[in-house]
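Here is a short tour for anyone who likes to see the definitions next to the numbers. Have the viewer open and follow along.

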Amino acid sequence: MGPGPSCVSDSVYNALAQSTLGHLDPAFIALMDDIKEFLKKLMGTDNELTVPVSGTGSAGMESCFVNLIEPEDTVLILINGVFGTRMEDVASRLGAKVDSLNFDWGTPVLLDQVENQLMQKQYDLVAVVHAETSTGVCNPVKDIGQLVEKNGGLYLVDCVTSMGGMEVKMDDWHIDALYSGTQKCLSCPPGLSPVSFSGRAVDKLTNRKSKVPNWYLDLSMIINYWSGKSRVYHHTAPINMLYGLYQACYNILDEGLHNVIQRHRDMHNLLVSELMTIGLELFVEESERLPMLNAIKIPEGVSDGDVRSRLLSEFHIEIGGGLGPLSDKIWRIGLMGETAKKESIQKLMYAFRKILT
Ligand SMILES: Cc1ncc(COP(=O)(O)O)c(C=O)c1O
């Protein structure tokens with residue numbers, strides 16, 4: 001019940017354990033094609049360039065920046081937590097001219113400030129995190145998309161924690177590049193990062209003046225393995241991880257994406273009402289909260305470390321602590337994918353009652 005990895009279902013473990021096919025085996029290529037279609041549904045896009053990048057969510061982040069940014073490009077990063085800060089670091093390493101707008105950790109990105117900034121300067125790319133896992137805040141990705149569209153640059157959104165647990169509509173929200181991760185609401189072990197590029201993003205990639213500065217993440221080469229009649233080897237695909245991702249996406253679509261999103265919302269509401277019965281308060285305002293990542297204020301006089309180590313050793317429950325400035329101030333309780341179930345909440349509340357009262 002931490003901020004990811006989440007619990008993995010038996011069906012996904014079974015999928016991971018199937019025999020390893022060759023990476024150019026026709027049966028495996030058919031499975032790759034299905035995965036692309038599954039991912040498009042979860043992202044809300046028709047984008048042709050939709051693939052799982054080998055590596056965790058940060059590989060997806062890095063692949064978006066290395067493919068879409070050239071030295072001297074102007075980039076705006078909207079930051080209200082750890083993962084916005086990481087984007088700033090990644091973009092700066094590529095020689096881009098990076099501006100950032102910083103917002104308080106625990107509150108969302110403010111639209112009027114973004115609008116002001118975009119009125120003053122034209123950006124090649126604007127980036128934001130949808131679900132800030134470090135704080136439990138949901139950013140207004142749809143509204144930011146409308147502002148970025150007027151400004152004319154590409155719009156990049158981190159959906160590592162949001163995808164598969166809340167609404168993500170890549171095409172409707174004018175998102176040009178999106179990446180996610182497997183270990184959050186997809187409930188698959190960590191190791192793959194689904195990425196999608198719009199037509200505009202693909203144009204930017206194909207019209208680059210310089211080569212993509214990272215060979216392993218160069219999507220202009222990777223795409224020749226993931227599409228077309230005859231596939232071209234780039235790197236050996238992590239075959240069994242892709243079986244796991246196939247099954248994880250299948251499970252969500254089988255339950256119904258709409259139902260899965262509703263389940264996350266219902267479990268969040270249940271957790272909040274249970275926490276209130278023992279006097280625990282949420283860190284984020286109600287309308288700005290994520291359903292899958294619940295940030296709880298640590299009560300005065302309670303030791304963060306003691307509570308979390310007792311939860312783990314006596315009750316076998318993991319929750320997360322705060323990061324950076326929020327260290328010792330909040331707990332982060334994940335209700336992601338397979339973990340977003342009544343049983344998880346009942347077990348956690350039983351343990352909290354024993355430890356805290
Ligand atoms: C919002 C967000 N972005 C990016 C990442 C980085 O993903 P990973 O740790 O899988 O590389 C995480 C990981 O927790 C995340 O929560």
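The report below goes from the whole chain to single strands, loops and residues.

## Ground rules

This is a predicted model, in which local features need pLDDT of at least 70 and side-chain atom pairs count only at pLDDT 80 or more, while totals for chains, interfaces and linings use all residues. Residues are numbered from 1 along each chain as its sequence is written, and side-chain values use heavy atoms, with hydrogens and water left out.

## The chain as a whole

Along its principal axes, the C-alpha trace spans about 60 × 55 × 30 Å. How does the radius of gyration of the chain agree with that of a compact globule? For 357 residues the globule value would be near 21 Å, and the chain has 20 Å, which agrees. The radius is taken over C-alpha atoms, and the globule rule is 2.2 Å times the number of residues to the power 0.38.

Of the 357 residues, 56% are buried. Here buried means under 20% relative accessible area, exposed means over 50%, and partly exposed lies in between, with a 1.4 Å probe and protein chains only. The accessible surface comes to about 15,100 Å², and 50% of it belongs to carbon and sulfur atoms; the areas come from the Shrake-Rupley method with a 1.4 Å probe, and for residues only the protein chains shown count as cover.

## Contacts and charges

Counting contacts between residues at least 6 apart in sequence, 72% join residues at least 24 apart. A contact means heavy atoms within 4.5 Å.

On the charge side, there are 31 positive and 44 negative side chains, and the centres of the two sets lie 2 Å apart. Lys and Arg count as positive and Asp and Glu as negative, with His and the chain ends not counted. Each charge is placed at NZ of Lys, CZ of Arg, CG of Asp or CD of Glu.

## An enclosed strand

Strand S4 (residues 125-129) has 5 of its 5 residues buried, so it is largely enclosed by the rest of the structure. In a regular strand, side chains alternate between the two faces of the sheet. In S4, Leu125, Ala127 and Val129 point one way, Val126 and Val128 point the other way, and all are buried.

S4 pairs with S2 in the parallel sense over 3 bridges, where pairing requires that DSSP finds at least two bridges between the strands. Within that arrangement, Leu76 has Val126 of S4 as its bridge partner. S4 also pairs in the parallel sense with strand S7 (residues 154-158), over 5 bridges, and Leu125 stands opposite Leu154 in S7.

## A three-stranded sheet

An open sheet of 3 strands runs in the order S10-S12-S11, with antiparallel pairing. Strands S10 (293-297) and S11 (320-321) stand at the edges with a single partner strand each, so one side of each is left without a neighbour in the sheet. S10 and S12 (residues 330-334) pair over 5 antiparallel bridges, and Ile296 has Trp331 of S12 as its bridge partner.

## Backbone details

Which residues have a positive phi without being glycine? Glu72 is one of them, with phi near 80°. Glu72 sits in the loop between helix H3 (57-68) and strand S2 (74-79) and counts as exposed at 51% relative accessibility. Asp328 has a positive phi of about 70°; this residue lies in the loop between S11 and S12 and is exposed, at 54%.

A cis peptide bond joins Gly4 and Pro5, with omega about 10°. Pro5 is in the segment before helix H1 (10-16).

Leaving out residues up to four places away in sequence, Lys40 touches Thr45, Asp46, Asn47, Glu48 and Thr50. Val195 is 155 residues from Lys40 in sequence, yet their C-alpha atoms are 9.7 Å apart.

Asp33 is also found in helix H2, and is partly exposed at 28%. Beyond its neighbours within four places in sequence, Asp33 is in contact with Trp226 and Arg231. Asp33 and Gly181 are 148 residues apart in sequence and 19 Å apart in space, C-alpha to C-alpha.

Methods
Helix = DSSP H or I, 4+ residues; strand = E, 2+ residues; numbered from the N terminus.
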